[in-house]
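Please read it alongside the sequence and the structure.

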Amino acid sequence: MQFLFKLLDLTILPDYWDYQYKLTHKIDDYNEIIVTGIGSIDNFSVNEPSDADPEQLASLEQVPVINQWTTTSGISWKRRFKDVDGFMRTTLSTNILNNEFVRYEDNISETGVIFNNNSREWETKLRYEATRFVDNWTFSAGGTIQNADYNNETTDNTYNVSYDTHINFMKYGVFGQASVSLLQDRLGLSGGFRIDGNSYTADGNKLYKTFSPRFSATYKLDEDQRWSLNASIGRYYKLPPYTILGYNNEDGINVNKDVEYIQSDHIVAGIEYLVNEASKISIEGFYKKYDNYPVSLRDSVSLANLGAGFEVLGNEPVESVGLGRTYGLEFLYNQKLKNNFYAIFAYTLFWSEFTGFDQDNYLPSSWDSRNLVSLTGGYKFKRNWELGIRARYVGPSPFPEVDLEATSETYPVIIYDYNSLEYNRLDSFNQVDIRIDKKWNFNKVSLNLFLEIQNIFGSQAPSPPTIGYLRDSDGSISQPPTLSRIESIDSGSALPSIGIVVDF
């Protein structure tokens, strides 16, 4: 990818590696051990094009330098009960996210730090769950306990913030669920609850505030059980991210300790039709209501409206006063492999809106594109040839305008006017990827060679207008320095890649 990005004269150079593993050992008829893990290295550096245009120069000035790695590993013990029908599962796991995010005055030489966030999130979790089967009933219950350790060294010259924080606390929860099949398996009912707590936030141990019940039902409308109605309702709670929990002000005080769990109430209902043994069609309507969503005291806007780019969100004082709502319809067609063909097609029409301190004023969230279309499918030919396709469409997404007056004092840090989210939207976006595979099977080894072309039609990803300095014909900054919009140059490109997969 770095070679391709240099060839295309792009200003960013991604360097990404990942791994995963899983080991399963059956001790005896009642005991099984599973060891699994996944991890990644994700570095993001800048590249100076040989003949940079004004848009590329602005990107070079604004883009952050990111070095990030993650690792997750765990061991799970599953034991089947001898005297009753059921099993228990005990899991011990740990996960780490290490993130270094830096923005420089000069990204090429990496000098003059404007913003630096060096953080590490480390969680160690123990989970136990027991499941029992009694006639046509299924019961399960369990609990979790985890240690959360968070470090963050932040320097933010734009807002005159500098702190070094370290928090360590416990999170815990209990849950239970029961399900039953009635009316000769035509009616299925399921109900349960979950309670969460923590030792850090002001109300973290008030467990009654996080009691979250949920219930679901499904009913087969005909004797052939091809038509079915499905519905569910539930309440869910989530602790805000560690960037919020660990934020310190200039006096070294954790000012966000009084944040609340984010509350989300879900209602989903739909109908499903089994076309045949390999394919089905479903239509669902959903409504999600959010309470206690974090709102920035700095910008007076919900964190859900702050954007989905490469930024560090939550490193600021917040209050848990925001509301939110997401609602819409989804159509899904799913066909498993049959007659050498498989496909998943989905279309979603939705709205996603959140409030700030004014709970009557809803603004579109960063992902409120209204329309989503995705298609993934393929066809298997003779002699182990396979053609795959992936297509997606995203409707116009909202974006905030740049406050040029405020940004002139902070550039290359951009300051936004979030009230403009109501009327600013990007163009829609679509992309088509294709892949051709050829596989050879030997006695103990299989070899797969593939050619993949991403964005085969060279569609350009829409982006907000670029802001940068006006420049003279030789590329130098005009005097006095003046910020303005820079006309975007179509940079959509197809990205080919080849690969080899060996199974043994």
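Which residues of the largest nonpolar core touch the most other members?

## Basis of the report

This is a predicted model, in which local features need pLDDT of at least 70 and side-chain atom pairs count only at pLDDT 80 or more, while totals for chains, interfaces and linings use all residues. Residues are numbered from 1 along each chain as its sequence is written, and side-chain values use heavy atoms, with hydrogens and water left out.

## Nonpolar cores

In the largest nonpolar core, which has 23 residues, those that touch the most other members are Ile-167, Phe-169, Tyr-242, Leu-245, Tyr-293 and Leu-303. Such a core is a set of buried Ala, Val, Leu, Ile, Met, Phe, Trp, Tyr and Cys residues joined through side-chain atoms within 4.5 Å, where buried means under 20% relative accessible area, exposed over 50% and partly exposed in between (1.4 Å probe, protein chains only). At least two residues of this core are supplied by each of strand S6 (137-156), strand S7 (161-182), helix H3 (242-245) and strand S12 (279-296), and H3 gives the largest share, three residues.

Leaving aside residues up to four places away in sequence, Ile-167 touches Ala-148, Asp-149, Tyr-150, Tyr-200, Leu-245, Gly-246 and Asn-254, a contact being heavy atoms within 4.5 Å. There is also a second, separate core of eight residues, including Val-63, Ile-66, Phe-115 and Val-312.

## Overall form

The protein chain has four helices and 24 strands, both taken as DSSP runs numbered from the N terminus (helices H or I, at least four residues; strands E, at least two). Its radius of gyration is 26 Å, close to the 23 Å that the globule rule gives for 504 residues, so the chain is as compact as a globular protein of that length; the radius is taken over C-alpha atoms, and the rule is 2.2 Å times the number of residues to the power 0.38. Along its principal axes, the C-alpha trace spans about 80 × 60 × 45 Å.

Of the 504 residues, 38% count as buried, and among contacts between residues at least 6 apart in sequence, 61% join residues at least 24 apart.

## Tyr-379

Tyr-379 lies in strand S16 (residues 371-380) and is partly exposed, with a relative accessible area of 34%. Not counting residues up to four places away in sequence, Tyr-379 touches Asn-339, Asn-340, Phe-341, Tyr-342, Trp-385, Glu-386 and Leu-387. The C-alpha atoms of Tyr-379 and Pro-396 are separated by 32 Å, with the two residues 17 apart along the chain.
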